[in-house]
Amino acid sequence: MQKQTILYTSKLDALIAVAKRLSMYETEQNMDSEEFFHRYNQGLLSDDVLFVEWANDYQHYLALHKELSQKLNYVAA
């Protein structure tokens, strides 16, 4: 599988795109991302390419969400 780089025009666009991918994983695997990530970090799931990508997307989502939330809180203060 060839790695693909996607450039977004804003952090919000990136967050939306990652959230859509997470929704796809959750539907396919019948598990929410938080539960998946907990199980994955506990070593209860394999290092299948799908799971590695899902874990990376979830970490990216958390980082983007934190960054945008902090910016919104700063603006609101």
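Visitor: Is Asp 57 buried or exposed, and at what relative accessible area?
Guide: This is a predicted model. Asp 57 lies in helix α3. Buried means under 20% relative accessible area. Asp 57 is therefore buried, with a relative accessible area of 10%.

Visitor: Which residues is Asp 57 in contact with, leaving aside its neighbours within four places in sequence?
Guide: One partner is joined through side chains: a polar contact of 3.0 Å links Asp 57 and Arg 21. Beyond four places in sequence, the contacts of Asp 57 are Val 18, Arg 21, Leu 22 and Tyr 25.

Visitor: How many residues apart in sequence are the parts that Arg 21 and Asp 57 tie together?
Guide: Arg 21 and Asp 57 form a salt bridge, with the closest N and O atoms 3.0 Å apart. Arg 21 sits in helix α1 and Asp 57 in helix α3, so the tied parts are separated in sequence by 36 residues.

Visitor: Is Arg 21 partly exposed or buried?
Guide: The cut-off for buried is under 20% relative accessible area. Arg 21 has 25%, so Arg 21 is partly exposed.

Visitor: Which residues do salt bridges that share partners join into one network?
Guide: Glu 67 and Lys 11 meet through their side chains in a salt bridge of 3.6 Å, N to O. That pair links helix α3 to helix α1, 56 residues apart. Lys 71 and Glu 67 form another salt bridge, at 3.5 Å, N to O. The network joins Lys 11, Glu 67 and Lys 71.

Visitor: Which element gives the largest share of the largest nonpolar core?
Guide: The core has 16 residues, and Leu 22, Phe 36, Tyr 40, Phe 51 and Trp 54 touch the most other members. Elements giving two or more residues are α1 (11–29), α2 (33–41) and α3 (49–76). The largest share is six residues, and it comes from α3.

Visitor: Which residues is Trp 54 in contact with, leaving aside its neighbours within four places in sequence?
Guide: Trp 54 is among the core members that touch the most others. Its contacts beyond four places are Leu 22, Tyr 25, Glu 26, Gln 29, Met 31, Asp 32, Ser 33 and Phe 36.

Visitor: Which element of the protein chain has the lowest mean pLDDT?
Guide: The chain averages a pLDDT of 91, and 92% of the residues score at least 70. Among the elements, α2 has the highest mean, 98. The lowest mean, 92, belongs to α3.

Conventions: Residues are numbered from 1 along each chain as its sequence is written. This is a predicted model: local features need pLDDT of at least 70, side-chain atom pairs count only at pLDDT 80 or more; totals for chains, interfaces and linings use all residues. Side-chain values use heavy atoms; hydrogens and water are left out. A nonpolar core is a set of buried Ala, Val, Leu, Ile, Met, Phe, Trp, Tyr and Cys residues joined through side-chain atoms within 4.5 Å. Buried means under 20% relative accessible area, exposed over 50%, partly exposed in between (1.4 Å probe, protein chains only). Helices (H or I, at least four residues) and strands (E, at least two) are DSSP runs, numbered from the N terminus. Contact means heavy atoms within 4.5 Å. A polar contact is a pair of N or O atoms within 3.5 Å; within protein, one must be able to donate a hydrogen and the other to accept it, and residues adjacent in sequence count only if both atoms are side-chain atoms. pLDDT is the predictor's confidence in each residue, from 0 to 100. A salt bridge is a side-chain nitrogen of Lys or Arg within 4 Å of a carboxyl oxygen of Asp or Glu.
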